Amino acid sequence: MSAAHEPVQTFTPRDFHRQAHDALGNPQIRANFRRAMDGLMAKRRDVFSDWDLETLRELGANIRLRALARLPDLLERLEANCQANGIQVHWAENGDEACRIIREICQRHEAKAVIKGKSMVSEEMHLNAHLEAAGIEALESDLGEYLVQLNEQTPSHIIMPAIHLNTDEISEIMHDKTGIERTRDVDTMTAAARAQLRERFMGADVGISGVNFAVAETGTLCLVENEGNGRMTTAVPPVHIAVTGIEKVVEHLRDVPPLYALLTRSATGQHVTTYFNMISSPRKEGEHDGPKEVHLVLVDSGRSNIYQDDELLDTLRCIRCGACMNHCPVYTRVGGHTYGTTYPGPIGSILMPHMMGLEQTKDLPTASSLCGACGEVCPVKIPIPDLLVRLRRESVGEGRGNVPGAGVKRTKKEASAWKGFQWLATHPGVWRSGTAMVGKLQALMPAKLGAWTEYRTAPKPAKTSLHALVKRHQAERAGGEERS
Amino acid sequence: MSARDNILKRLRERADGPLTAPQSDFGVVTGRGWGQAERLARFERWITSVHGEVVHTSRDAWTSTLAEVLEAKGIRRLALGREHPVAAEARAALAERGVALIDADRDIEAWQREQFHDTEAGLTSTRGAIAETGSLWLWPTPDEPRLLSLVPPIHIAVLDADTIEDTFFDVIERHGWADDMPTNALLVSGPSKTADIEQTLAYGVHGPRELVVLVRNAEERV
């Protein structure tokens, strides 16, 4: 009856169209996402109702832009201040390198079990699989991530990882994988997970978390959460490893409150989260708890390439709230797994092509109606629709050619068709006789036009073109005026 | 070259040239101008909206209020610090009340299992609070360590009403956080919660199921 019993399905961006087709035909997926996204949109609207939202978004965008403008300096400052505080800083060019750094820290401590707070960057590099291959168990502790991991899936939303599952499915998963009685009572299931995970926190050798904001000025790592698993992960095990993308740095501590205000309200419509956890050092002499070692792993993974281009740079302003997916009519209908990428929805469609190349992700920039909702709700004003268009241009070789896989969608046929159209449209005489001809031959229009006619009937050219109609109308009116 | 040098070099030799940093106007996150009563009212409204409990008391009578809360909730084992005046006064007042006082100022390695399994509540002081979001501001210390406000199923926090600021930005600026960040700085806004099971709110997923804030008003208010 539920996803829990279905064979594990793997998703890839290459199969976007087939996966979208499957998801659209799955009433469970459709209902779960529709209900959740409607709720999230309403909550966001309410929680911003007494704010000067435009001014706040302007400030958020401005803080992120300032951080990016000074990025190399701020990363060095962050590193220096973290080190002065006793936090060890590591740099990784890509996910594999970051995985290796993290594994080696774990191995140095002879770690057998790692407990994880929510980290999308660790999903990006498939850290869990890497650690498990080295014989180190990596257990997710965010409830949603825990459920998704139990069900051998990946998150379908960056903030609410298990949003694709409903209560019955979760009950089935918890029953199957942890042996508790089937129940529809959310408090009972939550309490069971609490008990299961508390044991694991105590037994964990290393805690691994993400970072929401890294403050250069003070060498502080900020974590935003509701559950307390982030605090547990960063305070119970003897070693804490924080892993983050190089773009997460902000300049000053005072830059944090506006971004935090935007993040929680945009993500889940909360005026604040239960915990805002700011970590500036490992356990100091005389302190009684907290990890004795704290590591920060800074990961590039294509970010410095995005950074080169004035337009693409805006992608790096993102604070990972997920509002763009909550408001996306495509995401709401096909769900997060359909995209086959770590980050789904509009932000994924403008970010993943840089990380995986357009060869893999060429369908993602077109997975949008360009309705503009994502750009309108983005708390840091990323012009997502413009970036989608830019990546469409790159994918057909009409951009700057600086995105990996640029030109992958270019076909001779399409390119020459557009060349032909361009010639026609700039030669009025030929154009007019051409459209007149099409009107006369309308019966020859094929009934099947590929994807266009999959759900629609083929368009029929009018007998008389609009241009000819206007001409005729003008002639008639001129004639009438002469007579009067 | 190391990964570090490569990354920094790519960022510094940016293809489209250097970027200009804009100035930031923080007006939208400060300057609320609320009076003390307004601050307290807002703090209370927000923290109770996320399941936090607020109990009003006074500086003189707060330990009796604490004893009443412990009794009402059936708390028999309370973890707390020793040196902070909140902990010291609580210890003095509770000595004869049949509540087991558990020392929190011990290395966690010595009592982790006891803390996770046998502690019914943790008592902490707070440094202040934020009216706009209903958040408590805690800087854990050796006396009141990080896990004291997280592991026990009930967290009881003592807040002086006159330490509430308007906004998070105001707290950071007025108290000079940037010059002196502790190992761990925390904002706590309600008990631990999750909505990961079909958006249904559940409390106490990893941290405390209940958060009780004893608000000490300067003069008698109860």
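Predicted model: local features only at pLDDT ≥ 70, side-chain atom pairs only at ≥ 80, totals over all residues.

**Strand pairing across the two chains**

A: M278(A) stands opposite A185(B), a residue of β9(B).

The wider interface comes next. On the chain B side, 66 residues are in contact with 79 residues of chain A. Several elements of chain B each supply at least two residues to the side that touches chain A: α1 (3-12), α5 (108-118), α6 (168-174), β9 (184-188) and β10 (193-194). The largest share comes from α1(B), with 8 residues. By class, this side of chain B has 32 nonpolar, 20 polar and 14 charged residues.

I63(A) sits in helix α3 of chain A, which spans residues 53-69. I63(A) counts as buried because 26 C-beta neighbours lie inside 10 Å; the cut-off is 20 or more. For a sense of distance, take S141(A). I63(A) and S141(A) are 78 residues apart in sequence, and their C-alpha atoms are 31 Å apart in space.

Now to strand pairing inside chain A. Strand β10 of chain A, residues 293-299, is mostly covered: 6 of its 7 residues are buried. Strand β1 of chain A (residues 87-92) runs parallel to β10(A), and 6 bridges join them. In that pairing, W91(A) stands opposite L298(A). Strand β7 of chain A (residues 239-245) also pairs with β10(A) in the parallel sense, over 7 bridges. There, A242(A) stands opposite L296(A). So β10(A) has parallel pairings with both β1(A) and β7(A), given that a pair needs at least two bridges.

Last, the chain as a whole. Chain A has 22 helices and 10 strands. Of its 484 residues, 52% count as buried. Among contacts in chain A with a separation of 6 or more, 73% join residues 24 or more positions apart. Its C-alpha atoms fill a box of roughly 100 × 55 × 45 Å, taken along the principal axes.

Technical notes
Residues numbered from 1 in each chain as written. Chains lettered and ligands numbered in written order. Helix = DSSP H or I, 4+ residues; strand = E, 2+ residues; numbered from the N terminus. Buried ≥ 20, exposed ≤ 12 C-beta atoms within 10 Å, placed from the backbone. Contact = placed C-beta atoms within 7 Å. Nonpolar A, V, L, I, M, F, W, Y, C, P; charged D, E, K, R; others polar.
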